[in-house]
Every structure is written in structure tokens, then in C-alpha cells.
Amino acid sequence: MAEVAYFTKEGLEKLKQELQELKTTGRAAISNAIAEARDKGDLSENAEYDAAKEAQGLHEAKIAQMEEILASARILDESKLDTSKVLALSHVKIKNIKNGATMSYQLVAESEADMKAGKISITSPIAKGLLGKKVGEIAEIAVPAGKMEFEVLEISR
């Protein structure tokens, strides 16, 4: 069984829309590509046909993967979450102890992660190190560049 994935309401809707698009327009485009390649003659030596069939297999695998995620998806009610410590969907303001830089992130499901929007995956090293911390606590986190220390300045929803 798949691991339970927690989403915001908006994130889950976005996932459903993407899946619907893959099932409709995505499948139609691949079907057209296969038909065009088939029309070019001998299928045994038709590289276009082979590529289109492979693309179809990858496309169907992606649909199956997204359906599995949706089957185990849960929406978190942010209003009922504890704001005294860092949890999934928390908005966290942290300060790098070494250089004093402050950053703000929201901890979200892996599929909703977007660094430009300040959303980091709950499975990332920084998010894992921050989970359960309270305001004022120091999180020592092992990252690829070595160990970093962050102070939790603020937690909100």
C-alpha cells in the first residue's frame, strides 16, 4: 500500500486537474502520434512508432502513479493543527546561525514543493530537521554541504 500523502486543498485540486489533463488531452496526443507513425508503413522498422509506443507506456505509468497518490491522499485541516511546534503545512521563519540570514518556508507534500514560492518538501533534509521544533529552538541539520544550524524564529499556519 502507498504511503499516505498530506495535501492542502489547493494542492489536491491541482493534482486532480493534472491527472484529468493527462487522461484526456495527453492520451489523445499520444494516440495521434501512434496513428501517424502507423500510417508511415512497416511497423517492424518504424522508429517513430516505437518511440510513440514507449511514450504511451511512460504516460500510462505516470497516470497510474498519480492515481496511487490520489488514492492515499489526505487533506490537512490547517485550523486544527498545533502552532506551538513545526508540523506539515507550517509556515516557518528560520535564521541561519552561521551567517544570520533569515528564510521563510512552508512545509508541504513533495508534489507541492516549489522553492520559488517558498514551499519545501516535508521529506527534504531541512524540513525533516525542523519537524517538532518550537520557537527559539535550534535545529542542527545535516545537508550535503555539511551541518547547518537554524533557529526557529516563528511558526504560523
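Let's start with the largest pocket, which holds about 420 Å³ of space. Keep in mind as we go that this is a predicted model. The largest pocket is lined by 19 residues, and the closest to its centre are Glu3, Val4, Ala5, Tyr6 and Glu110. Please find those five on your screen. Now, which elements give two or more residues to that lining? They are strand 1, residues 5-7, then helix 2, residues 47-71, and strand 4, residues 102-108.

What sort of residues are they? The lining of the largest pocket divides into 12 nonpolar, 4 polar and 3 charged residues.

Next, the second largest pocket. Here we have about 320 Å³ of space. There are 17 residues in the lining, and Gly11, Lys14, Glu18, Ser111 and Glu112 are the closest to the centre of this second largest pocket. Hold on to Glu18, please, as we will meet this residue again. Helix 1, residues 9-38, and helix 2 each supply at least two residues of the lining. Which element gives the most? That is helix 1, with 5 residues.

By class, the second largest pocket is lined by 6 nonpolar, 4 polar and 7 charged residues.

UniProt, in an unreviewed entry, lists residues 6-75 as "domain: Transcription elongation factor GreA/GreB N-terminal". In our model, that span is 79% helix and 7% strand. If you trace the chain from residue 6 to residue 75, you will find the end C-alpha atoms 6 Å apart.

Now to the salt bridges. How many does a search of the whole structure find? The search finds 4, and I'd like to walk you through some of them.

Here is Glu18 again. Glu18 forms a salt bridge with Lys62, with 3.9 Å between the closest N and O atoms. Lys62 sits in helix 2 and Glu18 in helix 1, 44 residues apart, so this pair links distant parts of the chain.

The next pair is Glu67 and Lys23, whose closest N and O atoms are 2.7 Å apart in a salt bridge. Glu67 is partly exposed at 35% relative accessible area, and Lys23 is partly exposed at 29%.

One more pair for today: Arg27 and Glu60. Their side chains meet in a salt bridge at 2.8 Å, N to O. Arg27 belongs to helix 1 and Glu60 to helix 2, 33 residues apart, and this pair too links distant parts of the chain. Arg27 is partly exposed, with a relative accessible area of 34%, and Glu60 is partly exposed, with 31%.

Definitions and conventions: Residues are numbered from 1 along each chain as its sequence is written. This is a predicted model: local features need pLDDT of at least 70, side-chain atom pairs count only at pLDDT 80 or more; totals for chains, interfaces and linings use all residues. Side-chain values use heavy atoms; hydrogens and water are left out. On a 1 Å grid over the protein atoms alone, a cavity is a set of points where a 1.4 Å probe fits but cannot get out, and a pocket is an open set with protein on both sides within 12 Å along at least five of seven lines; lining residues have an atom within 4 Å of a point. Grid points are joined across faces, edges and corners, and a volume is the space filled by probe spheres set on the points. Helices (H or I, at least four residues) and strands (E, at least two) are DSSP runs, numbered from the N terminus. Ala, Val, Leu, Ile, Met, Phe, Trp, Tyr, Cys and Pro count as nonpolar, Asp, Glu, Lys and Arg as charged, and the others, Gly among them, as polar. UniProt positions are given in the numbering used here, feature names are shortened, and annotations may be inferred rather than shown by experiment. Buried means under 20% relative accessible area, exposed over 50%, partly exposed in between (1.4 Å probe, protein chains only).
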